[in-house]
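Please read the points below with the sequence and the structure side by side. They are meant as a colleague's note, to be checked step by step.

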Amino acid sequence: SPAIGILALQGAYEAHARTLAALAIPTRLIRTPDQLFTSDGRTPSRIPSGTPAGTPAIDGLIIPGGESTTMLKFLERNGFLDSLASFVRTVPTFGTCAGAILLANDVQNPPQISLGALDITIERNAYGRQLDSTILTAPTKLPGGPLEMVFIRAPRITRTGPQVETLATRDDYPVLVRQGHLLAATFHPELGHDPRVHQLFLDLVQNHLSVSSLKA
Ligand code: GLN
């Protein structure tokens with residue numbers, strides 16, 4: 001099975017690990033930048049500047065929900081943010097809630113630095129106090145009927161770029177989006193009882209692996 005990492009600096013990473021364990025997928029908790037890449041003996045001269053010397057050590061990564069500002073504080077140490085930014089450029093990554101905020105290339109309310117990988121504008125804590133946490137069941141583009149979606153102090157995706165496909169919405173705003181090898185949800189599929197969104201990510205990882213092996 002593919003090697004899936006879960007960024008485990010803060011937030012709901014254990015719940016993602018449990019969801020994947022239920023799908024018989026083992027996971028690795030990622031806490032340091034060197035866990036993202038393995039050294040593969042390439043000479044530094046062949047590596048574009050800013051690229052860590054190595055190939056990805058995992059086939060996919062989940063960036064969990066939590067508090068994006070707190071995660072950024074950890075990521076700003078040891079070049080972790082730079083490593084993660086180059087990692088998510090090519091390796092399938094699934095960001096939920098705070099993870100979606102980190103993947104976005106434009107963060108508002110307030111503006112905040114990010115990995116700049118996913119072509120969306122995202123507004124933090126967009127639902128106000130009364131509505132800030134809620135559970136909805138709504139149809140999506142995923143097969144298998146309506147999906148339960150758990151929102152906790154959720155952000156709102158207010159713009160999607162041309163490469164971004166919307167797979168589910170809430171009040172006409174995207175809540176589940178895909179752009180190539182990247183998947184993002186403003187809700188918490190790891191807290192529901194429905195593994196379909198994780199399965200979608202695993203399919204994306206598998207697909208990426210087969211395409212990469214054809215290129216090799
Ligand atoms: N409000 C959080 C943030 O801005 C995200 C909430 C969540 O991940 N459940 O980072």
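Which residue in the turn of the hairpin formed by strand 13 and strand 14 has a positive phi?

1. That residue is Gly180, whose phi is about 60 degrees, and the hairpin has 2 residues between strand 13 and strand 14. Strands here are DSSP runs of E with at least two residues, helices are DSSP runs of H or I with at least four residues, and both are numbered from the N terminus.

2. Before going further, please note that this is a predicted model, in which local features need pLDDT of at least 70, side-chain atom pairs count only at pLDDT 80 or more, and totals for chains, interfaces and linings use all residues. Residues are numbered from 1 along each chain as its sequence is written.

3. With strand 12 (residues 165–170) the pairing is antiparallel over 5 bridges, and Glu165 has Arg178 as its bridge partner. With strand 14 the direction is also antiparallel, over 4 bridges, and Leu176 is partnered by Ala185. In the hairpin of strand 12 and strand 13, Asp171 takes a positive phi near 50 degrees.

4. The UniProt record, in an unreviewed entry, lists Cys97, His188 and Glu190 under "active site". These residues are spread over 94 residues of sequence, yet they cluster in space, with a largest C-alpha distance of 11.0 Å. The positions follow the numbering used here, feature names are shortened, and such annotations may be inferred rather than shown by experiment.

5. Cys97 sits in the loop between strand 6 (93–96) and helix 4 (98–103), and Cys97 counts as buried because 30 C-beta neighbours lie inside 10 Å. His188 belongs to the loop between strand 14 (182–185) and helix 5 (196–215), and His188 counts as buried because of its 23 C-beta neighbours inside 10 Å.

6. Two residues are in contact if their C-beta atoms, placed from the backbone, lie within 7 Å. Leaving aside neighbours within four places in sequence, Cys97 has contacts that include Gly65, Ile152 and His188, while the contacts of His188 include Gly65, Cys97 and Ile152.

Terms used. Buried ≥ 20, exposed ≤ 12 C-beta atoms within 10 Å, placed from the backbone. Pairing = 2+ DSSP bridges.
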